[in-house]
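Please look at the sequence and the structure below, and then work through the questions one at a time.

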Amino acid sequence: MAISFRCICGAKHSLSKDRGAPAPSLGRRSKYSGQSVRAMPLRLLTVGKKRSRGTQLLVEEYKEKLGYYCDFEDTLIRSNPKLTSDVKVQVEAEDTAMMQQLKSEDFVVVLDENGKDVVSEQIADLIGDAGNTGSSRLTFCIGGPYGLGVQVRERADATIRLSSLVLNHQVALIVLMEQLYRAWTIIKGQKYHH
């Protein structure tokens, strides 16, 4: 049973009363499900400070899982390398540091709150499509507390968002890693994704 309501903004919304019920299947399928896909090396570039122990444990768990499908590299770029209180200077410095890590032959995917909404099957498609571009590596970029700079955004081959919610960069990292693992299981036709 669904409950409909109108919120302050005037939009009409509905919620399911039965929160335990599974979401209805939308019949989505990756165009690469069950096909051979080039296993490009995968790299994550994230801006931030030292990760919490819990975050690092999850990163290590997903690195191991992803290792069955592709080479995986995780690079943490120091947040606010100039130790400035000026947000613009901070973002520019992080932008420069991230650009130094990117190669011209990388296929670059930027995570941004204004990016394209994607579902798991579309991330699987993105992995497959990137493998067909001639790029040598698939690189995902997650910005720091103030987001990514102009250079990295302009360099991006794709810009996505994982949620309509704004996510802390450590949370975004874990969600992205799980989705990358899920995407590979979709491509390989394995039972992880329902």
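Predicted model: local features only at pLDDT ≥ 70, side-chain atom pairs only at ≥ 80, totals over all residues.

Q: Is tyrosine 181 buried or exposed?
A: A residue is called buried when its relative accessible area is under 20%. Because tyrosine 181 has 13% relative accessibility, it counts as buried.

Q: Tyrosine 69 and tyrosine 181 form an aromatic pair of which kind?
A: By the rule for rings, the count comes to three aromatic pairs. In the pair of tyrosine 69 and tyrosine 181, the centres are 6.1 Å apart and the planes make an angle of 55 degrees. Tyrosine 69 is in the loop between helix H1 and strand S4, while tyrosine 181 is in helix H5, 112 residues apart. Planes under 30 degrees apart would count as stacked and planes over 60 as edge-to-face, so this pair is tilted.

Q: Which parts of the chain does the pair of tyrosine 69 and tryptophan 184 tie together?
A: These two rings are stacked, with 5.8 Å from centre to centre and 10 degrees between the planes. Both tyrosine 69 and tryptophan 184 are buried. Their positions are 115 residues apart in sequence, so the pair ties together the loop between H1 and S4 and helix H5.

Terms used. Residues numbered from 1 in each chain as written. Heavy atoms only, no water. Phe/Tyr/Trp six-rings, centres within 6.5 Å; stacked < 30°, edge-to-face > 60°. Helix = DSSP H or I, 4+ residues; strand = E, 2+ residues; numbered from the N terminus. Buried < 20%, exposed > 50% of the residue type's maximum accessible area, 1.4 Å probe, protein only.
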